[in-house]
Amino acid sequence: MISEALRKLEFGSVPVATPTGRLVGASGLLLESAGCPLYTGQRCQIETISGDWLDAQVVGFRDKLSFLMPFKKAVGLTTGARVLPCADKVNLSIGPSWLGRMVNGLGEPIDDLGRLGGEHVLEPQPPKVHPLKKKRVTEPLDVGVRAINSMLTLGKGQRVGLMAGSGVGKSVLLGLITRQTVVDVVVVGLIGERGREVREFVELSLGKEGLKKSVVVIAPADESPLMRLMATELCHSIAAHFRDQGKDVLLLVDSLTRYAMARREVALALGEPPATKGYPPSVFSLLPQLVESAGNGENEQGSMSAIYTVLAEGDDQQDPVVDTARAILDGHIVLTRELAERGHYPAIDIAASISRCMAQVVSKPHLHAAHALKATAARYAGVSDLIPLGAYVPGADAETDRAVKLNPRIEDFLCQGTTEAAPLSPCISQLEELMA
């Protein structure tokens with residue numbers, strides 16, 4: 001006897017065949033599939049010679065060929081291997097249980113602490129906020145670094161670049177900011193950096209207390225460029241989720257340059273011609289899309305501040321990625337090798353740095369004192385080369401004499417130990433007292 005369930009079965013909904021493509025090419029990072037229509041961004045599985053399945057994603061197409069890029073190293077692929085499209089959209093569930101956890105670019109936990117879950121669906125792409133509905137930057141953000149709190153005060157919802165060459169102290173300063181910043185949630189993206197730094201950052205920079213309110217997304221340098229891209233976008237999505245829950249969120253991405261390099265690898269593999277220093281034009285159109293997903297949400301939501309490290313190759317501040325980041329961010333903090341070699345930590349060049357939101361979040365006396373310190377430091381820099389030669393004669397200019405006299409105190413004020421805390425209010429008081 002046919003059951004009621006069988007009577008209601010719609011045979012038209014039962015697939016008569018599974019669409020399957022075939023692998024027809026593999027060159028470098030790129031795999032080519034034919035025989036099955038695929039859309040860009042779709043995930044697929046490719047059969048290996050051992051019978052296992054390799055996860056990949058569609059990154060482009062030409063004529064009847066679909067271009068795939070694997071998430072992990074492609075080993076054991078053969079001509080004619082089956083390519084199965086994943087029809088179901090992969091959704092991640094997120095909630096408070098993500099705090100204190102470490103995940104890869106796919107949102108999979110890598111800390112051996114069990115599965116992750118939550119009551120909300122995490123969108124794969126960071127949500128966009130209408131520019132007219134974004135909450136204005138009106139409150140200061142305490143990052144616990146004296147030079148930044150006093151001279152380059154940041155606001156909640158501001159996006160800023162930390163720009164420097166290699167070995168100048170970006171990661172160490174980022175760790176100090178991570179520990180000291182007063183926020184509810186910290187989302188850290190370790191993108192394309194050395195694998196050795198991952199454990200050091202988690203154990204030394206974050207620490208146990210810092211990790212409790214943090215989510216760490218990891219894609220080291222040996223990961224595929226696709227995983228580095230997905231990890232960067234994932235940490236933006238995670239930060240945006242907690243922002244929309246009404247939290248004050250700090251997003252740290254180390255580094256934006258590695259994200260641009262991953263974009264370059266994918267674009268060049270697809271045949272896009274290089275333009276500026278080997279970077280294809282699409283890289284410079286996609287960087288603003290990523291950065292604009294950070295920042296504040298709508299009025300009733302929380303805040304989302306973002307700090308991106310930007311590697312200036314060869315200490316070149318005109319590097320195309322540095323120049324683009326400087327144009328699209330709300331400020332830049334420049335670290336110089338000259339200050340680092342003098343033992344000045346953090347090696348922040350006050351004259352070359354700027355916070356575009358500072359005037360909106362500080363008082364007039366604070367702003368006046370910061371401008372006065374910059375002017376005094378600039379006046380000292382103009383005669384600093386003359387002092388060792390004995391060519392500087394005191395008494396010729398009162399302002400220059402004052403700058404020379406104040407310089408040691410200014411240097412001490414701007415320096416800070418790697419474990420020293422510098423809350424916002426005391427920093428402002430010390431600055432105003434120094435320049436009184």
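1. Helices α7 (residues 281-292) and α8 (residues 320-328) of this predicted model approach to within 11 Å between their axes and cross at roughly 40°. Axes here are lines fitted to C-alpha atoms, for helices over the stretch in contact, with angles running from 0 to 180 degrees between N-to-C directions. Helices (H or I, at least four residues) and strands (E, at least two) are DSSP runs numbered from the N terminus. The angle makes α7 oblique to α8, given that angles under 35 degrees count as roughly parallel, over 145 as roughly antiparallel, 65 to 115 as roughly perpendicular and the rest as oblique. The crossing is right-handed; the term applies if the near helix is turned clockwise from the far one by less than a right angle, and left-handed if anticlockwise. On the α7 side the contact (heavy atoms within 4.5 Å) involves F284, L287, P288 and V291, and on the α8 side P320, V321, T324 and I328. These residues comprise seven nonpolar, one polar and no charged, where Ala, Val, Leu, Ile, Met, Phe, Trp, Tyr, Cys and Pro count as nonpolar, Asp, Glu, Lys and Arg as charged, and the others, Gly among them, as polar.

2. On the basis of the values, residues are numbered from 1 along each chain as its sequence is written, and side-chain values use heavy atoms, with hydrogens and water left out. As the model is predicted, local features need pLDDT of at least 70 and side-chain atom pairs count only at pLDDT 80 or more, whereas totals for chains, interfaces and linings use all residues.

3. The axes of α3 (residues 170-180) and α4 (residues 195-212) come within 9 Å, crossing at roughly 40°. Helix α3 is therefore oblique to α4, and their crossing is right-handed. S171, G175, T178 and R179 of α3 make the contact with E197, F201, L204, S205 and L206 of α4. By class, three of the contact residues are nonpolar, four polar and two charged.

4. For α5 (residues 225-244) and α6 (residues 256-269), the axes come within 9 Å and cross at roughly 135°. The two helices are therefore oblique to each other, and the crossing is left-handed. From α5, the residues P225, R228, L229, T232 and E233 meet R258, Y259, A262, R263, E265 and V266 of α6. This contact has five nonpolar, one polar and five charged residues.

5. The largest pocket has a volume of about 750 Å³. Of its 28 lining residues, G41, Q57, P124, Q125 and M230 are the closest to the centre. Elements β4, α5 and α6 each give two or more residues to the lining, and α5 gives the most, with five. The lining divides by class into 15 nonpolar, seven polar and six charged residues. A pocket is defined on a 1 Å grid over the protein atoms alone, as an open set of points with protein on both sides within 12 Å along at least five of seven lines; a cavity is a set where a 1.4 Å probe fits but cannot get out, and lining residues have an atom within 4 Å of a point. Grid points are joined across faces, edges and corners, and a volume is the space filled by probe spheres set on the points.

6. One cavity of 30 Å³ or more is counted. The largest cavity has a volume of about 40 Å³ and is lined by L190, E193, R194, E197, V198 and P220. Its lining holds three nonpolar, no polar and three charged residues. E197 of this lining also takes part in the contact of α4 with α3.

7. The bond between D254 and S255 is cis, with omega of about 15°; S255 lies in the loop between β15 (248-254) and α6. A cis peptide bond also joins Y345 and P346, with omega of about -10°, and P346 is placed in the loop between α9 (337-341) and β18 (354-355).

8. D63 has a phi near 55°, a positive value in a residue other than glycine. The residue is in the loop between β4 (53-62) and β5 (65-70).
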